[in-house]
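Subject: Handing over the two-chain model

Hi there,

Here is the structure I promised to pass on. Please have it open while you read my notes.

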Amino acid sequence: MAKEEEKHEHHRTRGRLRGTGKGKIQPPLTPMIDVTFLLLIFFVLTASVSPEEGNIPGTLPRAAGVAAEEDVPLRPIRISIYPVGSKREAAQFTLEGEGTSLETPSELYGRLLARRDALGTDEIPIIIDPRGNVRWKFALEAYNQAIRARYKNVGFAPTGG
Amino acid sequence: MADEKKQQEQRGEVSFNMTPMIDCVFLLIIFFLLASSFASERLPQLQPHRPEDSQALPREDTETPNKIIINILSAEDEVLSEDPSVSGVASHYNIDGSRIDAGDTSTLADVIRERKERAREGDFFVEVRADWRVSYEEVAPVMRAAARAEIENVNLTALTAVAGEY
C-alpha cells in the first residue's frame, strides 16, 4: 500500500517537473539539445576554411603551344628560372642580358618594372623559361610578377617533348 | 502561454528562453552540413600557390560551360613518407572528377576539343589548376595540349592576395 502511494507520488512529481500538471505534453528537450550541441561542435571543429582561389588570365600562341618568338617584332625579355636546394625549395631568376641572379619575386618585379620604364613600352613580350625541374610555384611566381609589372604579352618557353 | 509566464513571474521562478538559441544552433548546423558537402564536391584537393602580391582575380564560378578546369595533382600527396622519387611528379590530371594519366596529352587534347565543341562559340578557355609542388615540365605538356586543341585563352590558378598584405 505504501509502495503504491509512493508510486503515485512519483508520477505526480514527474508530471510537475515536465509541466504537465494541466494535461499538456511537453517533449523532453534536453537530449535533443545535447545531440545538437555535439553535432555543432563536431562541424565547427572539422570545418576547414579553404583559401580563396583566383585566375591570372593569359593567352597561348596559336601555332604550337610555345611562345613564338619569331612572330613578334620586339626582342623579348627572357626570364630563366633555376632550381636551388636539394628539394628545389627555392629558385633563382635571371633576366637575359643581366649577369645577376634575383633571389626574390620582389627583386624580379623591380627589374621588370625598371626595364619597362627604360624601354617606354609594355608591348615587349616576356618569355618565362623555367629550367629543369623547377617547381610550378616559381614559374607561376614569375608569371605573376610580369603581370604585376603590367606587361601585356607574357608566355612560357617550350620544354622538350 | 502568457498566463504561464505570469504565474512563473508571480512564483519568482526564472526560466531561459531556449527557442532563439535552438534556432541559431540549427541554422549553424544546416550551414555546416551544406558547406562541407559543397566544398568536397567542387574541386579536387590540391595546393595552389599564393604569389607575392597575387594578381589573381577571384573566380566567378566553377561550373561554367565555357571553360574546362584541368587539375594537376601532385604525387607527393599519394605517399605517406617523404619519397624523393615522387618529388615534383604529377600523379594525374583531373577534369570534373574524371582521371587522365599524367603525360597522356593526346587524351587530354581530345577532351579539351570535345568540350570546346559543346561550348558556346568564341569565349572558351582552359583553366590550369596545378599543385605548386609539381615541376614545370609536368605543367608544360598541359599547356601544349591546350594549344594543340586551338585554345588561346588560358588562365592559371593562384590563391588571391590577402587583404592588407602588400
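Predicted model: local features only at pLDDT ≥ 70, side-chain atom pairs only at ≥ 80, totals over all residues.

Residues are numbered from 1 along each chain as its sequence is written, and chains are lettered from A and ligands numbered from 1 in the order in which they are written.

Chain A has four helices and six strands, where helices (H or I, at least four residues) and strands (E, at least two) are DSSP runs numbered from the N terminus. Along the sequence their order is α-α-β-β-β-β-α-β-α-β. Of its 161 residues, 28% are buried; that term asks for 20 or more other C-beta atoms within 10 Å of the residue's own, with exposed meaning 12 or fewer, partly exposed anything in between, and C-beta atoms placed from the backbone. Among chain A contacts with a separation of 6 or more, 66% link residues 24 or more positions apart, a contact being two C-beta atoms, placed from the backbone, within 7 Å.

Now the interface. On the chain B side, 47 residues are in contact with 43 residues of chain A. Helix H4 (136-148) of chain B is one of the elements giving two or more residues to that side, and H4(B) supplies the largest share, 10 residues. By type, the chain B side divides into 27 nonpolar, 11 polar and nine charged residues (Ala, Val, Leu, Ile, Met, Phe, Trp, Tyr, Cys and Pro are nonpolar, Asp, Glu, Lys and Arg charged, and the others, Gly among them, polar).

The chains also share strand pairing, for which DSSP must find at least two bridges. Strand S1 (residues 53-59) of chain A runs antiparallel to S6(B), joined by seven bridges. Within S6(B), B:Asn155 is the bridge partner of A:Pro57.

Finally, B:Asp53 has a positive phi, near 50°, although not a glycine. B:Asp53 sits in the loop between H2 and S1 of chain B and counts as partly exposed, with 14 C-beta neighbours inside 10 Å.

Best wishes
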